[in-house]
Amino acid sequence: MSSPNYTATPFAGKTFGVTVDHLTKKFGGVTVLKDINLEVRAGEIFCIMGPSGSGKSVLLKHIAGLELPTSGQVRIGDYDAADPDTRDKVHLALVFQAGALFNSLTVYDNLALYPREHRQCNEAGIRERVMHALSILSLEKAAQKYPSELSGGMKKRVAIARALVMEPQLLLYDEPTSELDPVMGATISEIIATLREQTAVTSIVVTHDRDLAINIADRIAIIFDGKIRATGKPADFREPKEREIADFLTPVIDLKNPRFKQLENSHE
Ligand SMILES: Nc1ncnc2c1ncn2[C@@H]1O[C@H](COP(=O)(O)OP(=O)(O)OP(=O)(O)O)[C@@H](O)[C@H]1O
Ligand SMILES: [Mg+2]
């Protein structure tokens, strides 16, 4: 059971690129992903932005193999993301939008679950890994707490710490900075960037957080209504020329906007 070769250095060297190839997804009669094509390079931080309901989480779940395409394919390196065997070949961690922690387990046991189940190292090794991940996220004092005792932002940090313990070669984050105050949001951005620097882990980050994307992404894709609307480097999105993209990235609050009229009417 023990792994004598275990070292505290996270991440097994290899990392993977991701190819999304003509991916379409229908739920019932509704098409939520429409012929998506993306190429995420190995070692890249790739941010996916888009309005609420545009299909970001569904896309991320396809990359994680948690949803199956209606047509098209997602590949992680040369492996089909939809093939259950791929999870044995690629260490993949998904930080869920809502944390997805086990409420009956302490923070410590939530983090220890994956290495225990996969018998990756003995309890001393697991403890070292868990405490290291908790310290990166400033969560040492929360180790014996239950998720119900944590704030939303703390749960989010625990979810990230749990992903780190999995020593991933591909890290998928769904809204890692939502529910966090600006300082903690900036800290999480730094952690994502530092992890990539130290380990070259490919990181795909779904986010509404423009600052996060502009500051840490190598490239950004914008998805509107299930379609990729634009892809480029952060600099391309600092002052976007296209009206629709500019409106999404830097919305101006205008009380005369018809959107507000609709909201007012809906309360009548
Ligand atoms: N399991 C499902 N069954 C049916 N429809 C679904 C399912 N999952 C997602 N959808 C629908 O797919 C669309 C895209 O959802 P998704 O969760 O990907 O949005 P999102 O871009 O992540 O939004 P947000 O920014 O609010 O998290 C939505 O219309 C949603 O209702
Ligand atoms: Mg989502």
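Author: Let's start at the ligand: helix α1 (residues 56-63) gives the largest share of the shell around ligand 1, three residues. Keep in mind that this is a predicted model.

Reader: Which residues surround ligand 1, and what puts a residue on that list?

Author: The test is a C-beta atom within 6 Å of the ligand. Around ligand 1 you find Phe-27, Val-32, Gly-50, Ser-52, Gly-53, Ser-54, Gly-55, Lys-56, Ser-57, Val-58 and Gln-97.

Reader: How many of the shell residues are nonpolar, polar or charged?

Author: Three are nonpolar, seven polar and one charged. Glycine counts as polar here, and Gly-50, Gly-53 and Gly-55 are among the residues around the ligand.

Reader: Where is Val-32, and which residues does Val-32 touch?

Author: Val-32 sits in strand β2 (residues 30-40). Leaving out residues up to four places away in sequence, Val-32 touches Lys-25, Phe-27, Gly-55, Val-58 and Gly-226. As for Gly-55, 23 residues apart from Val-32 along the chain, the two C-alpha atoms are separated by 6.0 Å.

Reader: How do you know whether His-22 is buried or exposed?

Author: Count the neighbours: His-22 has 11 C-beta neighbours inside 10 Å. The limit for exposed is 12 or fewer, so His-22 counts as exposed. His-22 lies in strand β1 (residues 18-27), with a positive phi near 50 degrees even though His-22 isn't a glycine.

Reader: And Glu-175, buried or exposed, and why?

Author: Glu-175 has 21 C-beta neighbours inside 10 Å. Glu-175 is in the loop between β7 (170-174) and α6 (182-199), and has a positive phi of about 55 degrees without being a glycine.

Reader: What makes β9 and β10 a pair?

Author: Pairing takes at least two bridges. Strands β9 (residues 219-224) and β10 (residues 227-232) are joined by five and run antiparallel, so they qualify. Phe-224 stands opposite Lys-227 in β10. Two residues lie between the strands of this hairpin, where Asp-225 takes a positive phi near 50 degrees.

Key:
Residues numbered from 1 in each chain as written. Chains lettered and ligands numbered in written order. Predicted model: local features only at pLDDT ≥ 70, side-chain atom pairs only at ≥ 80, totals over all residues. Helix = DSSP H or I, 4+ residues; strand = E, 2+ residues; numbered from the N terminus. Contact = placed C-beta atoms within 7 Å. Buried ≥ 20, exposed ≤ 12 C-beta atoms within 10 Å, placed from the backbone.
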